[in-house]
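Colleague: Please take one part of this chain and look at it closely, setting it against the whole chain and saying which cut-offs lie behind each term.

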Amino acid sequence: MNGFRIDYGADVENAIGRLVDAIDRFPEVRSHYATRWLAIALLDEDPGLDEPLGRMDGGPELVALRDRLLAGLRTSLGDHADTQIVAARFQMANDIANAATDRTNERAITRTDRIDAVLTHRLLGIPIFLALMWAVFKITTDIAGAFLDWVDGAISGSLAHFVSSLVGLVGLGGTWVESLFVDGVVAGVGAVLVFVPILLALYLALAFLEDTGYMARAAFVMDRMMRGVGLPGKSFLPMLVGFGCTVPAVYATRTLENERDRILTSLLVPFMSCGARLPVYVLIAAVFFPDNAGLVVFSMYLLGIVMSLLVGWLLRRTLLPESEHAPAIMEMPAYRLPMLRTIWFHTWTRTKAFISGAGTIIFSTMIVVWLLMSIPVSGTGSFSDTDVDDSAFAAVAGVVAPAFEPAGFGSWEATGSLLSGFVAKEVIVGTMAQVFGVEDELRGSDQPSLGDSAREIATGFGKAMLGALEETPGIIGIHLGDGAEDLPPSGLQSSIRQSFEASSGGHERAAALAFIVFVLLYTPCVAAAGAIRHEIGARWMLFSIAGQTAIAWVFAVGMFHLGKAMGL
Amino acid sequence: MLLDRLIDELGRARGPLTTRALARRVGIDESALAGMLGVLAAKGILSVPSELAGSGPAACTGAACGKTCVGLDRCPFVAKTPDTHAFVVLGREPQ
């Protein structure tokens, strides 16, 4: 393009001219670069130039001259000096684009704009976000919940019988080895794996929202809300991660520049309800609130968000005063129809990680719990043949249990589950399956044949599918069926209900709510505590553990008494 | 100048902005704005959230994922918020 030249303004053009004159005096430099281009690149502090110029005759002199000229420009142009060159380029590019582009057919308001006007609306944005989250948990608990009994039947029925038979075949039936495999591994790990359909549904729904482009809007909407209470808006991105798992969420706080914001967000992230807590909510909701399980689970997620805002607000006004936050600029992707392959990839990788967890840390913890429950510390039992009330586990949990009496769940069974839940939240349901001794009824029943087991699994799946289809219209308030086909509570569910009834003086539903509030608010797991120590130090980790436990206890007690007052 | 208008708009903003809305306010194409924001970040006028650097597979060791931890950049639990970047003005006053 002949005669094409950008005018950078008098001051910069003067500096360019002086550099061009200087470059002309050094033939080696001149032979490698176009003079005006080099002068502009030097003033623009092109990072790739200093090193090659340093090797050429006259290069260091040119760099020194550039530094002097830039100092002069900063005096005359102020803050503009650093952007003058690039600003002129952008201006020129914009002028050319405007002159060369016909925008008459371009729609000023796109479909994405119209959707965004509603979804990111100042007033509607948050209610819409909450409504979508409610739908996610309704799908998770009602539709996927139909598959729980099927998986439960397959694991605690067919699989347990199979393992029991296998142990019997090698001549170890009735020994501690059978107890280890059936009562420890199958009952404990199996109780966690029962919730795979729930997690699968949750991850599926979240992946759907992510792939449509909505989650970026959720971050945008929450950014506004968090800023409203003095929190860095960008904290919501790690918090979104916290819905999946607290550990990567704590590490994701690295995206925050300010150290105080990083500390604050690391302390708040554990309040977000991670996927591992979901099995506990679902189990307790199924036992005590079977008709409103979705609402109970949703309330826990909402309470987590509210608590994080409340604690954040409090910390801002005490230990971690506010630092100035400039507005965030977020690039919103266009809405699109989600791709099945992408959704399945995210869903499966997350579910797989949950299953892997069941095979590693949960497996190990279940064995430790079984071991503690097999060691008698009172009574007349022997190893692996003792009443659980006389076990080491009951003795240890019994020491802590009185602390939870004001919250209505001061039994050693509930307390022991919470203690083991410090390792990982999924372990709570595994521990409950072990301590409530549901395996005894299973061991006493007749061993079905392999064919019977396969038939049972197949018909169970059919029933689950039918149940899921019946529940689907329920999301929009249409209920099919009269509920007469509801299965009776399982042995585990009955045992949990009886235990809470006994410890709460007949206010078992209030105690159940207090229990899940405690599960929501106390330290998510030992790995999360380790991540906090790694990111912000041991002192803050201890503060987090102590603070969360205290908050969890206070709110659990409050919840129990509120529930009692409401007649629960 | 275009860039000054952009910096002024950033300074005036009292809440989060989408690049689409910002581009409209400044009167340029959204793709051009992305380039300008990148340049402002390189100049230190805006900051881009740091990448999750140094978060290799060891970062989550001890978590429930155990040995299956693939690091933050590929962690399945890290919610995917497609093509979302956030920039923060580092304190340049609007002109």
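Modeller: Two residues are taken to be in contact if their C-beta atoms, placed from the backbone, lie within 7 Å. On that basis, residues 24 or more positions apart account for 73% of the contacts in chain A with a separation of 6 or more. This is a predicted model, in which local features need pLDDT of at least 70 and side-chain atom pairs count only at pLDDT 80 or more, whereas totals for chains, interfaces and linings use all residues. Residues are numbered from 1 along each chain as its sequence is written, while chains are lettered from A and ligands numbered from 1 in the order in which they are written.

Chain A contains 28 helices and one strand (DSSP runs numbered from the N terminus, helices being H or I with at least four residues and strands E with at least two). The radius of gyration of chain A, 32 Å, is well over the 24 Å that the globule rule gives for 568 residues, so the chain is more spread out than a compact globule (the radius is taken over C-alpha atoms, and the rule is 2.2 Å times the number of residues to the power 0.38). The C-alpha trace of chain A spans about 100 × 55 × 55 Å along its principal axes, and 47% of its 568 residues are buried (20 or more other C-beta atoms within 10 Å of a residue's own; exposed means 12 or fewer, and partly exposed lies in between, with C-beta atoms placed from the backbone). The chain is divided into domain 1 (10-100) and domain 2 (119-136 + 201-323 + 334-340), with bounds that come from an automatic or database domain assignment, and 48 Å separate the centres of these two domains, taken over C-alpha atoms.

Within H5(A), Leu62(A), Arg66(A), Leu69(A) and Leu73(A) are buried. Seen down the axis of H5(A), the buried residues fall within an arc of 75 degrees, so they line one face of the helix, the arc being that of the directions from the helix axis to the C-beta atoms. The cover over these buried residues includes helix H1 (10-24), helix H2 (27-32), H3 and H4 of chain A. On the other side of H5(A), Ala64(A), Asp67(A), Arg68(A), Ala71(A) and Thr75(A) are exposed. After H5(A) comes Gly78(A), with a positive phi near 65 degrees.

Most residues other than glycine have a negative phi. With 15 other C-beta atoms within 10 Å, Glu45(A) is partly exposed.
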